[in-house]
Amino acid sequence: MAQPDQKKFFENLSGAGKAIAVLTSGGDAQGMNAAVRAVVRVGIYVGAKVYFIHEGYQGLVDGGENIEEAKWESVSSMLQVGGTVIGSARCKEFRTHEGRRAAALNLVLRGITNLCVIGGDGSLTGANLFREEWSGLLDELVQQGKIDKESAEKYSHLNIVGMVGSIDNDFCGTDMTIGTDSALHRIIEVVDAIVTTAQSHQRTFVLEVMGRHCGYLALVSALACGADWMFIPEMPPADGWEEQMCTKLSETRSRGSRLNIIIVAEGAMDRHGQVITSNIVKDLVVKCLGFDTRVTILGHVQRGGTPSAFDRILASRMGVEAVLALLEASADTPACVVSLCGNQAVRLPLMECVQMTQEVQKAMDERKFEEAVRLRGRSFENNLNTYKLLAHRKPQSELPISSFNVAVLNVGAPAAGMNAAVRSAVRVGITEGHKIFAVNDGFEGFAKGQIKEIKWGDVGGWTGQGGSLLGTKRTLPAKHLEKIAEQMKANQINALLVIGGFEAYLGLVELLAARGKYDEFCVPIVMVPATVSNNVPGSDFSIGADTALNAITDTCDRIKQSASGTKRRVFIIETMGGYCGYLASVGGLAAGADAAYIFEEPFDIRDLQANVEHLTAKMKTSIQRGLVLRNENSNENYTTDFIYQLYSEEGKGVFDCRKNVLGHMQQGGAPSPFDRNFGTKIAAKAMLWISRKLKETYRKDEGRVFANTDDTACLLGMRRRALVFQPVVELKNETDFVHRIPKEQWWLKLRPLMKILAKYKTSLDVSESGQLEHVVRHRRPEESEGVPA
């Protein structure tokens, strides 16, 4: 990685004289258009010519009008559209040598030697073969007299960069493929709708989701909705599963649940290779239990609809990285694929990823299912481990014996996904043998004694619920320390799990400071970040922020659509976030905003004037609408009303203005699949950490837990590529307490992307790009800590 004093800047990379072509191939996936848009606009920004190749490889072979030069305006209004606007097709001709030779001729005639392919592993493998054959194909074209020697020398090598577009998330080397998150949105929307009707009639629903060879969608949707049972290709059920499943369903009903949900991946089978279909499962439940059972096959619904905020941002980031990779490529640079690892865009050799993806299938064919799960990578394995922890309740006799009591509470404003985190913490804690106590209304409720034991069944159905079912308050513990200490003593609380936002973080700081006075606070304490503002130090993401982003993005889509019949209109939209500009900035990137005003990046009247002039120039093109986001506390004088009035005055005769304050709708609604899944995994890991710390800090001679070291009061956060436990004491130096934000925020690096995609000239630090990494084989489970990451 480049050192700070050797910083690389995007504007120093020139695309002059280069031509880039972009195509989408294979099955369509939501977010492909965002990737195409990013490639086109960034390519044009650096001075390259950019071409669409319509209808995938078929268009490459056929040439003619299928290869069209793209203009800046060509990709306007693509961001919110599902599928792929430039078309995709299966192509037999490209699989032949003659077909690839025709494709090479079509590229050389237009001077294109940089190809960006968005598709699955088959599409990317085809691109790599094309690259390997390139010089030979050009020699053949010279011999046939179709091109001259000078052209063959000038265009002597082809650069390939891939982005994986696949709703199945079945490509090794990346945590998420473009389209997966949107497909999960479709599945969860259906599940949430089904839950209401199933509860009305006491029904069992069997849902069949896509995933012929990969069970990712089934696995994550099962986690996200708390399904009773799941069938995926990578984990065939053990012999006798029929009886086990029916027993589990019967037990769930006997505990008062009015519904059962079973999720089946379309490629599910048993350990003997026998197919398990949704109808087989339905017939079994009806025959053995007599439950009213229905089957829902989601089919192509999962591929459709508007892309989620996550997919738009992922695809936009990947598109920018893909152009960077093409600009930096040389004749001996291997074809690479742009991937996501944790929260970082990385480049990996394309064929390494393809080979590992093929190894997964080989392991499945050979019935080496544990090996297949390991090869799928860290993300898949951790999801599966978490599912196993939560889904199947062990009999009391099989649980470890623990005399520890753990309290769980929510602190701060409500955030979608909090309830999924509580459910996960409660169930993992019970599995660890602890007694779990739920505290209502945060620290205030704690002081009042609003605390009671919570059981496994009490949290059934919580994953899909928005807000905070435990109740939450912003009250800090400092005023109530004595009463909270009394309650901890009375209820013999040995550890605390706090789920919340900045107030929760401040609460931990105060409890830590009080350890010297109150022994009751000398217990393991861990915080899980949950706030729509995403302003907690020590974590790139907070539970609830993704749901809020989707609310903002959906609203912006509708607002932009409302202007489709009214030309020349600019919308000023105010987002939440306190002093943290995350929602405005990342929401702006996802919604295709022209500007986003935030506290972290000071602006003055000259900036506002420049933005107005920029929009005035835009209104003279075919794109006659603008979108401006403003974070609520971005500037005390340049308020939303002020900016609206300024734009209205300066835009007179050119455009008119409308304003919209989104308010609390950003905090409400059902949690997104990301927030359900993130909340579930992070809380499970937090509870396993508590179990470990309880054993480490238990003093046998005194018969009590005593924890007063810095590493026993931690915040668990996502840092770049991993979930990390960080002592709260160490995070104090990273915090701006006055403005309630971290001093350094990773997402500020995304702001220049939004500006570039909105046609502003700006500076973009690309020091962290350019390193081609290698696919890392995931360690075997027994080598790791055995906790989900």
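## Sheets and helices in a predicted model

An open sheet of seven strands runs in the order β3-β2-β1-β4-β5-β10-β11, with mixed pairing. Its edge strands, β3 (67-69) and β11 (344-349), each pair on one side only. Here, strands are DSSP runs of E with at least two residues, helices are DSSP runs of H or I with at least four residues, and both are numbered from the N terminus. Two strands pair if DSSP finds at least two bridges between them. On average, neighbouring strands of this sheet are turned by 25° against each other, direction ignored.

A word on the model: it is predicted, with local features needing pLDDT of at least 70 and side-chain atom pairs counting only at pLDDT 80 or more, while totals for chains, interfaces and linings use all residues. Residues are numbered from 1 along each chain as its sequence is written, and side-chain values use heavy atoms, leaving out hydrogens and water.

Now look at strand β12 (residues 405-411). Seven of its seven residues are buried, where buried means under 20% relative accessible area with a 1.4 Å probe, protein chains only. One side holds N405, A407, L409 and V411, and the other holds V406, V408 and N410.

| Strand pair | Sense | Bridges | Example partners |
|---|---|---|---|
| β12 and β13 (435-439) | parallel | five | V408 and A438 |
| β1 (19-24) and β4 (114-119) | parallel | five | A21 and L115 |

Contact means heavy atoms within 4.5 Å. Angles run from 0 to 180 degrees between N-to-C directions, and axes are lines fitted to C-alpha atoms, for helices over the stretch in contact. Helix α4 (residues 121-143) lies across β4, β5 and β10 (336-341), running at about 160° to β4.

How do two helices meet? The axes of α10 (residues 309-328) and α18 (residues 545-562) come within 8 Å and cross at roughly 90°. They are therefore roughly perpendicular to each other, a label for angles of 65 to 115 degrees. The contact joins A309, F310, R312 and I313 of α10 to D546, L549, N550, T553 and D557 of α18.

How values were computed:
Buried means under 20% relative accessible area, exposed over 50%, partly exposed in between (1.4 Å probe, protein chains only). Angles under 35 degrees count as roughly parallel, over 145 as roughly antiparallel, 65 to 115 as roughly perpendicular and the rest as oblique.
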